[in-house]
Amino acid sequence: MTMTSKAHKQRTITGTKKPTNVIPVLSINKNVSDSFAVIKSSFDPQRDFRESMVEMIVENNLRKSGDLEELLACYLSLNSNEYHDVIVKVFEQIWFDLTDIH
């Protein structure tokens, strides 16, 4: 699952191609555990997970390791096992990006 805030407008995919994956998207509130899932079609789940995670981190000013771990736990708990590898990969990339900034 990817995450999105209520302020984030879901993109509409147009054209004759069908998405290769349908993934749930998480709408996050100030408290990650108060978020809810929304279904989203995706041609590129890795990109969508990354965009969603970055959006949630920025909008909710998540910087503490505990907050980031809670975010990861939400993605893993709300998505099927088939997406866990890509979720962890994206999360690791973001984690390393954040540590390089500090």
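Colleague: Which residue with a positive phi follows helix 1?
Modeller: Asn61 follows helix 1, and its phi is positive, near 50°. Keep in mind that this is a predicted model.

Colleague: What is the mean pLDDT of the protein chain?
Modeller: The mean is 75, and 61% of the residues reach 70 or more. Helix 3 (residues 84-101) has the highest confidence, with a mean of 92. The lowest is in strand 1 (residues 2-4), at a mean of 53.

Colleague: And where is the pLDDT below 50?
Modeller: Over residues 5-20. That stretch still has 25 contacts in the model beyond near neighbours in sequence. Where pLDDT is low, the predicted coordinates should not be read in detail.

Colleague: What pattern does the chain follow along the sequence?
Modeller: The order is β-β-β-α-α-α, with three helices and three strands in total.

Colleague: Back to helix 1. How many residues does it have, and which are buried?
Modeller: Helix 1 covers residues 45-59, which is 15 residues. From first C-alpha to last it reaches 21 Å, close to the 21 Å expected at 1.5 Å a residue. The buried residues include Phe49, Met53, Met56 and Ile57. Asp48 is also buried, at 3% relative accessibility.

Colleague: What does the side chain of Asp48 meet in a salt bridge?
Modeller: The side chain of Arg47, at 3.1 Å from N to O. Arg47 counts as partly exposed because its relative accessibility is 38%. Arg47 also forms a salt bridge with Glu51, where the closest N and O atoms are 3.6 Å apart.

Colleague: How far apart are Glu51 and Arg47 in helix 1?
Modeller: Four residues, which puts about one helical turn between them.

Colleague: How many salt bridges does the count come to?
Modeller: Three. Another of them pairs Asp97 with Arg50, at 2.7 Å from N to O. Asp97 lies in helix 3 and Arg50 in helix 1, so this pair ties together parts that are 47 residues apart in sequence. Asp97 is partly exposed, at 33%, and Arg50 is partly exposed at 30% relative accessibility.

Colleague: Now helix 2. Which residues are buried there?
Modeller: In helix 2, Leu68, Leu71, Leu72, Cys74 and Tyr75 are buried. Seen down the helix axis, they fall within an arc of 155°, so they line one face of helix 2.

Key: Residues are numbered from 1 along each chain as its sequence is written. This is a predicted model: local features need pLDDT of at least 70, side-chain atom pairs count only at pLDDT 80 or more; totals for chains, interfaces and linings use all residues. Side-chain values use heavy atoms; hydrogens and water are left out. pLDDT is the predictor's confidence in each residue, from 0 to 100. Helices (H or I, at least four residues) and strands (E, at least two) are DSSP runs, numbered from the N terminus. Contact means heavy atoms within 4.5 Å. Buried means under 20% relative accessible area, exposed over 50%, partly exposed in between (1.4 Å probe, protein chains only). The arc is that of the directions from the helix axis to the C-beta atoms. The expected span of a helix is 1.5 Å times one less than its number of residues. A salt bridge is a side-chain nitrogen of Lys or Arg within 4 Å of a carboxyl oxygen of Asp or Glu.
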